[in-house]
Amino acid sequence: MQTHLSWHLDLSIDDSGSETGAVAQLRLPDATEMSARGHSKRHPDDPVQTLVGEELATARALNDLAHQLLRKAAHEIEEKTHAPAHPHL
């Protein structure tokens, strides 16, 4: 059986000089919505590399989102099996 699902992910990044913030918002087919934030801050002695700050903030937001998905999956497994679940990356 082949299934095709669409998950909708919005990512917004705000850069304000030495600080960058990222917000990842995920909408699943079951209407679950999740949101996660990531942040990076450039040290004053570091050269300006905007892309690096964006990458770090985004990675942190997506990492948080991944952990939220793991917790959701564990909860759903436990509801069906009535046993502790410990999924990990």
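Before the views, a word on the model. This is a predicted model in which local features need pLDDT of at least 70 and side-chain atom pairs count only at pLDDT 80 or more, while totals for chains, interfaces and linings use all residues. Residues are numbered from 1 along each chain as its sequence is written, and side-chain values use heavy atoms, with hydrogens and water left out.

**View 1**
Gln 68 sits in helix α1, residues 50-81; helices (H or I, at least four residues) and strands (E, at least two) are DSSP runs, numbered from the N terminus. Contact here means heavy atoms within 4.5 Å. Setting aside neighbours within four places in sequence, Gln 68 is in contact with Met 34, Ser 35 and Ala 36. Helix α1 also holds Lys 72, which is buried, with a relative accessible area of 18%. Not counting residues up to four places away in sequence, Lys 72 touches Leu 28, Asp 30, Thr 32 and Met 34.

**View 1. The largest nonpolar core.**
Nine residues make up this core: Ala 22, Ala 24, Leu 26, Leu 28, Met 34, Ala 36, Ala 57, Ala 61 and Leu 65. A nonpolar core is a set of buried Ala, Val, Leu, Ile, Met, Phe, Trp, Tyr and Cys residues joined through side-chain atoms within 4.5 Å. Two or more core residues come from each of β2 (19-27), β3 (33-41) and α1.

Two strands pair if DSSP finds at least two bridges between them. Strand β1 (residues 8-15) runs antiparallel to β2, and eight bridges join them; Leu 11 stands opposite Ala 24 in β2. Three residues lie between the two strands of this hairpin, and Gly 17 in the turn has a positive phi of about 85°. Next, β2 and β3 are antiparallel too, joined by nine bridges. Across this pairing, Gly 21 stands opposite His 39 in β3, and Arg 27 has Glu 33 as its bridge partner. The β2 and β3 hairpin has five residues between its strands, with Ala 31 in the turn showing a positive phi of about 75°.

**View 2. The two faces of β3.**
In a regular strand the side chains alternate between the two faces of the sheet. In β3, the covered face has Met 34, Ala 36, Gly 38 and Ser 40. The uncovered face has Glu 33, Ser 35, Arg 37, His 39 and Lys 41.

**View 3. Thr 50 in helix α1.**
Helix α1 includes Thr 50, which is partly exposed, with a relative accessible area of 36%. The C-alpha atoms of Thr 50 and Leu 26 are separated by 25 Å, and these residues are 24 residues apart along the chain.

Definitions and conventions
Buried means under 20% relative accessible area, exposed over 50%, partly exposed in between (1.4 Å probe, protein chains only).
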